[in-house]
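This report concerns pairs of oppositely charged side chains. The structure is shown first, and selected pairs are then described in turn.

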Amino acid sequence: MGLCIVLLPSCADRDAENDLITITEPVQTTSTLNYLALGDSYTIGEGIQLRDSYPRQLETRLELELDEPIDLQLIATTGWSTSDLLQALSIEEPPAHFDLVTLLIGVNNQFRNQPFSIYETEFPELLEQAIRLAKNSPDRVLVLSIPDYSYSPAGGNNGGGQISEEIDRYNAFAKAASRERGVKFITITDISRRALQESDLIAEDNLHLSKKAYGEITERLFPFAFGLFL
């Protein structure tokens with residue numbers, strides 16, 4: 001299987017002047033099935049092994065069911081906001097040949113207390129880029145809702161409250177923008193909101209999601225992703 005990762009230093013609140021983007025060339029494979037995962041820490045799986053993140057679990061499940069290798073490319077880093085992802089895409093310039101593109105972004109816009117107007121401007125831009133990269137097919141793009149970190153032990157307010165209200169606002173906008181463009185929006189926030197009662201949904205850092213949580217996310221993604229590869 002092929003894999004390309006674009007990573008920045010792991011920090012949700014960092015000095016942009018010190019950021020260095022390291023880009024590795026994609027591993028060349030004979031696979032004709034291509035999957036691009038765009039996002040932040042919730043995409044790469046902060047606090048767990050990369051193989052346990054939802055893109056890798058989805059890749060493994062698809063390979064098993066299709067009996068064919070999937071070429072996975074990840075463009076995601078802990079701490080990225082919508083601005084960071086847009087910058088990475090402008091540098092990386094991935095080919096517009098993907099059979100599937102997933103997009104999960106926005107938690108760091110909220111975490112940094114950025115004006116909501118930034119997300120209102122930049123998320124639609126990212127959505128358009130995702131569609132372009134998915135062979136200009138909205139059907140090949142899956143947008144995931146932002147998990148709610150306030151329901152983790154290190155999340156800040158022990159569930160609910162202002163963080164949850166703001167994340168709901170981000171998700172409502174992303175859902176409306178996705179539907180307007182004919183893109184499937186998949187809600188996963190409810191999984192994260194069970195974490196205070198189900199500790200095995202949280203990674204060892206007491207903040208991000210666990211392998212088990214990503215397994216549940218993979219189960220929600222798989223029916224939609226599988227149909228795209230048939």
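## Arg193 and Asp148

In this predicted model, Arg193 and Asp148 are joined by a salt bridge through their side chains, with an N to O distance of 2.8 Å. The two residues belong to distant parts of the chain, 45 residues apart. Arg193 lies in the loop between helix 7 (189-192) and helix 8 (211-228), whereas Asp148 lies in the loop between strand 6 and helix 6 (161-180).

Asp148 is buried, at 2% relative accessible area. Arg193 is partly exposed, with a relative accessibility of 23%.

## Asp99 and Lys135

A salt bridge also connects the side chains of Asp99 and Lys135 (2.8 Å, N to O). Because Asp99 is in the loop between helix 3 (82-92) and strand 5 (100-103) and Lys135 is in the loop between helix 5 (116-133) and strand 6 (141-144), the pair ties together parts that are 36 residues apart in sequence.

Asp99 has a relative accessible area of 6% and is therefore buried. Lys135, at 41%, is partly exposed.

Arg61 forms a salt bridge with Glu65, and their closest N and O atoms are 3.6 Å apart. Both residues lie in helix 2 (residues 54-66), where a spacing of 4 residues separates them by about one helical turn. Arg61 is partly exposed at 24% relative accessibility, and Glu65 is partly exposed at 42%.

A network of salt bridges links Arg61, Glu65 and Glu219.

## Overall count

The model contains 13 salt bridges. Side chains of opposite charge can pair when their charged atoms come close.

Notes
Residues are numbered from 1 along each chain as its sequence is written. This is a predicted model: local features need pLDDT of at least 70, side-chain atom pairs count only at pLDDT 80 or more; totals for chains, interfaces and linings use all residues. Side-chain values use heavy atoms; hydrogens and water are left out. A salt bridge is a side-chain nitrogen of Lys or Arg within 4 Å of a carboxyl oxygen of Asp or Glu. Buried means under 20% relative accessible area, exposed over 50%, partly exposed in between (1.4 Å probe, protein chains only).
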